[in-house]
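User: I am new to this structure and would be grateful for a guided reading of it. May we proceed by question and answer?

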Amino acid sequence: MTVIKSEKDIYKDLLPQLDKINFKQILWGEDLVNYKLVIYPQRITDIPYYKKISKNMVSIGIVYINPGANQKVKPISVMLNWSDREIYIERNTLNKVWKYLRTSVQRGIDMATVNRKFIRIITPEDILVTKYIKMTKTDFNKMFHLPEKGRMNNVSGSDPEKDYIYYYTRDGKEYHDKDCEEIRNMTPETVCTAKRIPIGIIPCPKCRKMLYLRELCKPFYSDMKDVDRILTRGKIDEKQVKKLINSYGMRMHTDIDGNLIVLCNEDVWKIEGLEHGSFSLWHNNYVRTGQSDRKKTSGYHIHEIRKTTLEGILKYISGYSFEKHLEAENLK
Ligand SMILES: [Zn+2]
């Protein structure tokens with residue numbers, strides 16, 4: 001049987017070097033098979049939805065291996081959005097290290113294949129999210145020295161904020177999601193678009209569910225299908241979705257393992273076990289910083305509740321607040 005050694009074992013003697021460097025968490029290239037690397041042009045704050053995700057960001061280190069250098073194992077500093085396993089990396093930083101990192105990611109893929117572990121990627125380039133860097137396909141492939149088979153086809157992806165568009169006709173009574181089939185039947189001259197829900201007209205019954213899902217999953221539109229599947233299986237209907245959005249400001253998306261991530265008020269929740277209908281609820285970690293204050297830290301802890309339906313869990317989440325948590329604690 002083929003055994004592919006982990007770089008963590010190969011270079012373990014060099015680890016003391018890394019210990020001196022102050023990172024709360026270190027990831028190796030081979031670990032990245034379960035993450036996404038989101039490339040940003042210059043400043044991370046340029047990402048359209050940065051404000052929304054910034055509270056879940058922590059600074060971590062990624063190590064890359066350059067066998068020819070004196071210091072073979074070196075870290076770079078990146079930001080991790082731990083709730084989605086998305087790592088934000090600046091374009092020039094990635095450009096400098098990708099040729100080394102790529103080899104390690106490939107090793108991670110090979111290790112998963114040999115150990116029959118499921119991962120969602122086929123080539124190392126599959127972890128790269130390129131939609132925020134505006135450059136041509138050719139420039140991108142040149143910049144990252146991508147080999148023929150790992151070449152990017154969809155470099156300038158869509159901008160989530162721009163994706164959020166309602167369609168309607170000048171004389172129509174309904175507005176539509178941008179993917180609604182009805183749009184094709186409109187006369188081009190009468191088509192109008194709006195970034196906000198047009199006033200005085202109602203959502204089209206055909207795409208109403210899609211409109212709610214888009215709102216619920218904003219800005220993670222690529223997760224809409226997964227979220228829809230989860231909600232349908234959990235018997236959460238359109239009306240309930242509308243309530244979750246409008247009354248509780250709830251947002252949802254899925255993580256790389258297919259778990260449901262729920263954002264509500266100040267808290268992030270992860271619901272596991274959706275496939276088997278035996279739910280477990282995880283709550284974002286935090287440390288107490290005073291009598292009634294807390295500060296969120298990375299990761300989740302299990303949250304013991306007795307709920308057997310998705311509806312029950314979502315109801316619980318929508319009613320949770322740290323203040324209530326404190327009140328309950330004081331009554332004990
Ligand atoms: Zn429609």
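Analyst: Helices are DSSP runs of H or I with at least four residues, and strands are runs of E with at least two, both numbered from the N terminus. The model discussed here is predicted. Counted in this way, the elements of the chain comprise 15 strands and eleven helices.

User: Which element of the chain has the lowest mean pLDDT, and which the highest?

Analyst: The chain averages a pLDDT of 83, and 88% of its residues score at least 70. Over residues 148-159, however, the pLDDT is below 50, although this stretch has 23 contacts in the model beyond near neighbours in sequence. Where pLDDT is low, the predicted coordinates should not be read in detail. Among the elements, the lowest mean, 54, belongs to helix α6 (residues 160-163), and the highest, 94, to α10.

User: Which element gives the most residues to the largest nonpolar core?

Analyst: This core has 33 residues, of which Leu216, Cys217, Val227, Met252, Leu260 and Val262 touch the most other members. Elements that each supply at least two of its residues include α8 (224-233), β12 (260-264) and α10 (310-319). With five residues, the element that gives the most is α7.

User: Between which domains does this core lie, and why?

Analyst: The position follows from where the core residues come from. Both domain 2 (161-206) and domain 3 (207-331) contribute residues, so the core lies between domain 2 and domain 3.

User: With which residues is Leu260 in contact, leaving aside its neighbours within four places in sequence?

Analyst: Leu260 is one of the core members that touch the most others. Once the neighbours within four places are set aside, its contacts are Ile230, Met252, Thr254, Ile271 and Leu274.

User: At which residue does helix α4 bend?

Analyst: Helix α4 covers residues 91-114 and reaches 32 Å from its first C-alpha to its last, close to the 34 Å expected. Even so, the helix bends by about 60 degrees, and the residue concerned is Trp98.

User: What covers the buried residues of α4?

Analyst: Among the buried residues of α4 are Leu94, Trp98, Leu101, Val105 and Ile109. An α-helix has 3.6 residues a turn, so residues three or four places apart point the same way. The elements that cover the buried residues of α4 include α1 (7-10), β1 (26-28), β2 (36-40), β3 (57-65) and β5 (86-90).

Notes. Residues numbered from 1 in each chain as written. Predicted model: local features only at pLDDT ≥ 70, side-chain atom pairs only at ≥ 80, totals over all residues. Core = buried A, V, L, I, M, F, W, Y, C linked by C-beta atoms within 7 Å. Buried ≥ 20, exposed ≤ 12 C-beta atoms within 10 Å, placed from the backbone. Domains from an automatic or database assignment. Contact = placed C-beta atoms within 7 Å. Expected span 1.5 Å × (residues − 1). Bend = angle between axes of the 7 residues up to and from the residue. pLDDT = per-residue confidence, 0-100.
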